[in-house]
Amino acid sequence: MAIPEVTPAEVQRRRQAGAAPLLLDVREPWELQICAIDWAKAIPMGEVPERLAELDRNAEIVVMCHHGGRSLRVARFLAQQGFDRVANLAGGIHAWREQLDPGLAAY
């Protein structure tokens with residue numbers, strides 16, 4: 001199952017235009033303490049299956065993690081659960097920091 005990738009710049013551009021997808025951060029709480037995007041919804045990867053009801057099946061969702069591996073697995077899982085508008089954030093928070101917000105802490 002092919003999951004599209006979206007760049008941090010595309011998410012930011014769409015947010016500024018008022019059409020941002022839900023940014024779902026699947027990193028662990030300790031990672032969020034290091035750096036986070038304040039408007040992203042945080043659900044750790046291991047909790048996603050039990051917390052599906054918190055997500056709108058009709059919304060566009062971009063899943064993110066540190067570099068993009070875990071988020072791709074979660075995006076595939078969501079697609080298998082009937083979420084039709086799911087994408088992966090290319091490069092994760094690492095790319096977000098490098099491309100958009102160098103003020104975020106690196107780890």
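Axes are lines fitted to C-alpha atoms, for helices over the stretch in contact, and angles run from 0 to 180 degrees between N-to-C directions. Helices (H or I, at least four residues) and strands (E, at least two) are DSSP runs, numbered from the N terminus. The model is predicted: local features need pLDDT of at least 70, side-chain atom pairs count only at pLDDT 80 or more, and totals for chains, interfaces and linings use all residues. Residues are numbered from 1 along each chain as its sequence is written, and side-chain values use heavy atoms, with hydrogens and water left out.

Five strands form an open sheet in the order β1-β5-β4-β2-β3, and the pairing is parallel; two strands pair if DSSP finds at least two bridges between them. Strands β1 and β3 (41-42) stand at the edges with a single partner strand each, so one side of each is left without a neighbour in the sheet. Strand β2 (residues 22-25) is joined to β4 by 4 bridges, with L24 opposite V63 and L23 opposite V62. Between strand β4 (residues 61-64) and β5 there are 3 bridges, and the bridge partner of I61 in β5 is V86. From β4 the chain crosses through helix α3 (residues 69-80) to β5 in a right-handed β-α-β crossover; right-handed means that, with the strands pointing away from the viewer, the path from the first strand over the helix to the second runs clockwise. Strand β1 (residues 5-6) is joined to β5 by 2 bridges, and V6 stands opposite L89.

In a regular strand the side chains alternate between the two faces of the sheet. From strand β5 (residues 86-89), V86 and N88 point one way and A87 and L89 the other way, and all are buried (under 20% relative accessible area, with exposed over 50% and partly exposed in between; 1.4 Å probe, protein chains only). Strand β4 is likewise covered on both faces, with I61 and V63 buried on one side and V62 and M64 on the other.

The axes of helix α1 (residues 8-16) and helix α4 (residues 92-99) come within 9 Å and cross at roughly 70 degrees. The two helices are therefore roughly perpendicular to each other (65 to 115 degrees; under 35 counts as roughly parallel, over 145 as roughly antiparallel and the rest as oblique). Contact, meaning heavy atoms within 4.5 Å, is made by P8, A9, V11 and Q12 of α1 and A95, W96 and Q99 of α4. By class, this contact has 5 nonpolar, 2 polar and no charged residues; Ala, Val, Leu, Ile, Met, Phe, Trp, Tyr, Cys and Pro count as nonpolar, Asp, Glu, Lys and Arg as charged, and the others, Gly among them, as polar.

In the segment after α4 lies G103, which counts as exposed at 69% relative accessibility. G103 and C35 are 68 residues apart in sequence and 9.4 Å apart in space, C-alpha to C-alpha.
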